[in-house]
Amino acid sequence: MTATEQTAKPATTRYLSTVALGFTTAAAIVTSLRGLPAMAKEELTMFFYIAFSVVLFLIPAGLVAAELGSAFGRQAGGLYAWISGAFGKRVGFWAIFLSWLQAMVFYPTGLSFAAAGVAFAIDKPHLAQDHIYVGIFSVVAYWACTAVALVGNQFAAKVTQAGFLLGTAVPGLILVALFVWWLASGHSIGWEHTTDPAVTVEHDGHDAPRYMPYIAGLSALAFLGNILENFTGVESQAVHATELRNPGRQYPIAIMIAAVASAAIFTLGALAVAGILPYDRINLNSGVFDALRSGFDSLMHVGWPVLILAAMIAYGALAGTLAWITGPSRGVLATAHDGMLPPVLQKVNPRGVQVNILLTQGVVVTLLCLPYFLMSDVSSAFFLITAMAVGIYIIIYLFMYAAAIRLRYTRPDLPRSFKVPGGPAGMWIIAGIGFAAMAFALVTAFVPPSQLPIGNPATYVILVAGGTVLFCVIPLVVERLKKPGWAAPDEEKVKSHGPSSELRQRLQR
């Protein structure tokens with residue numbers, strides 16, 4: 001074959017496999033083990049909450065995000081591009097800015113879990129319940145993660161990938177194996193000796209575990225949003241649907257693989273925590289470590305494996321935080337270059353990292369760690385912060401579903417390599433189910449849980465609802481303050497996040 005013939009021969013296209021994308025999506029969902037105690041706190045009613053999360057949230061969100069990702073795959077910004085395409089740049093900016101704020105609210109919960117891991121790793125588990133220690137650790141660890149992110153996105157990605165394997169997958173498998181050993185050894189199972197009516201029901205004169213929630217009011221369902229939050233992140237991988245050979249057929253299968261894998265990890269891990277620990281000993285922040293410690297103490301009469309596993313889990317939690325630090329802030333950078341934010345937030349370092357956005361983010365996260373200093377009960381502070389993050393995230397998903405429906409009518413000719421099956425009716429059904437589920441979860445997010453000593457219910461509602469409203473208003477104020485001339489030159493957009501096809505054509509001209 002001649003050199004000319006070799007040049008003329010088209011390059012072989014490399015496609016993602018269905019299984020690879022499915023498990024990559026599962027890895028994006030299961031960023032750490034921190035959500036297991038919240039599920040374990042529901043004992044066997046966790047099956048209801050997990051089924052709700054998978055069927056009414058995870059699958060609809062994955063399918064809708066795949067269509068939007070395939071339609072706007074060549075444009076930077078993710079959610080910003082999707083929602084802007086349906087409702088205009090102002091609403092798109094509001095949504096991506098809210099996503100950025102939600103991520104900042106999320107950080108203190110992930111960092112407090114890492115704080116508990118370090119406390120167990122140094123064999124001082126009592127520190128996990130010391131709110132001052134948790135607060136100080138969260139602030140210091142966040143700035144350390146920011147420093148790693150500033151080195152560069154590729155380095156941060158390597159740290160994150162290793163963190164998932166060593167800090168989530170391996171400890172999770174060991175926890176499940178420990179529970180299997182616990183059962184085989186004839187040890188008492190935690191959920192069989194619980195008398196709390198929230199998770200038990202009287203049957204033939206004996207208390208038996210509940211499988212359906214005890215509905216005595218919305219407070220009994222307050223953990224729904226907390227559990228739902230563990231399944232978020234499926235939209236982050238939707239842009240890769242176009243890398244499949246046959247997206248229309250393969251992507252729904254990939255989403256099912258991700259749904260089954262993530263649900264299996266969460267269910268088995270939560271069952272292990274609930275089975276090893278008595279109900280009243282399940283702590284939202286340290287439950288995983290308490291279960292490991294109890295298991296190794298009872299089965300092997302040793303404690304050193306817990307120290308190693310706790311250090312690994314802490315690393316995994318920090319790696320998950322790092323993944324989020326480098327994610328939503330990139331979408332905000334796209335809005336800054338479009339003139340929605342002042343030029344000072346457009347700055348990137350030689351490695352293309354959004355320096356000033358990350359520093360601004362760090363200041364806000366430091367302030368958001370204040371509940372750990374002000375509330376003596378770490379579990380309550382943990383749940384309060386999570387509730388605010390969940391409320392914000394749910395609002396974003398509501399707009400994502402609405403955008404997908406609207407675009408079917410306003411931009412029907414938009415190229416979509418993947419489409420939600422069933423035509424417009426199929427989109428209404430899938431997106432409608434997701435929208436309704438999110439709307440219900442949003443209501444429960446503002447209700448104090450009956451399972452925790454929250455204190456004054458009115459104060460809790462004011463803090464969660466007030467915090468959510470405040471965060472929703474902030475991007476509106478920022479947008480009102482924007483000035484003409486804030487948009488970055490095309491060359492700067494290319495330098496930071498690569499050109500879109502439209503931008504390439506403009507630069508070539």
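**Figure 1. Overview of the protein chain.** The accessible surface of the protein chain comes to about 21100 Å², of which 65% belongs to carbon and sulfur atoms (Shrake-Rupley method, 1.4 Å probe; for residues, only the protein chains shown count as cover). This is a predicted model, in which local features need pLDDT of at least 70 and side-chain atom pairs count only at pLDDT 80 or more, while totals for chains, interfaces and linings use all residues. Residues are numbered from 1 along each chain as its sequence is written, and side-chain values use heavy atoms, with hydrogens and water left out. The secondary structure comprises 20 helices and 2 strands (DSSP runs numbered from the N terminus: helices are H or I, at least four residues; strands are E, at least two). Of the 509 residues in the chain, 56% are buried (buried means under 20% relative accessible area, exposed over 50%, partly exposed in between; 1.4 Å probe, protein chains only). Among contacts between residues at least 6 apart in sequence, 79% join residues at least 24 apart (contact means heavy atoms within 4.5 Å).

**Figure 2. The salt-bridge network of Glu67, Arg408 and Arg416.** The structure holds 2 salt bridges (a side-chain nitrogen of Lys or Arg within 4 Å of a carboxyl oxygen of Asp or Glu). In one of them, the side chains of Glu67 and Arg408 meet at 2.8 Å, N to O. This pair links distant parts of the chain, with Glu67 in helix α4 and Arg408 in helix α16 (residues 378-410), 341 residues apart. Glu67 counts as buried because its relative accessibility is 2%, and Arg408 is likewise buried at 10%. Arg416 also forms a salt bridge with Glu67, the closest N and O atoms being 3.1 Å apart. Since Arg416 lies in the loop between α16 and α17 and Glu67 in helix α4, the pair ties together parts that are 349 residues apart in sequence. Arg416 is buried, with a relative accessible area of 13%.

Figure 3. Phe52 and Phe440 form a tilted pair, because their ring centres are 6.5 Å apart and their planes stand at 50°. Phe52 belongs to helix α4 (residues 46-71) and Phe440 to helix α17 (residues 423-445), 388 residues apart. Phe52 is buried at 12% relative accessible area, whereas Phe440 is partly exposed at 36%. Another tilted pair joins Phe93 and Phe97, at 5.3 Å centre to centre and 50° between the planes. These two residues are 4 apart in helix α6 (residues 89-121), which means that about one helical turn separates them; both are buried. Ring pairs also link Phe57, Tyr393 and Tyr397 into a cluster. The charged end of Lys41 sits over the ring of Tyr279, 4.8 Å from its centre (NZ of Lys or CZ of Arg within 6 Å of the ring centre and within 35 degrees of the ring normal).

**Figure 4. Helix α13 and the residue Gly339 that follows.** Helix α13 (residues 328-337) is mostly covered, with 10 of its 10 residues buried. Among them are Pro328, Arg330 and His337. Just after α13, Gly339 takes a positive phi of about 90°.

Technical notes:
Phe/Tyr/Trp six-rings, centres within 6.5 Å; stacked < 30°, edge-to-face > 60°.
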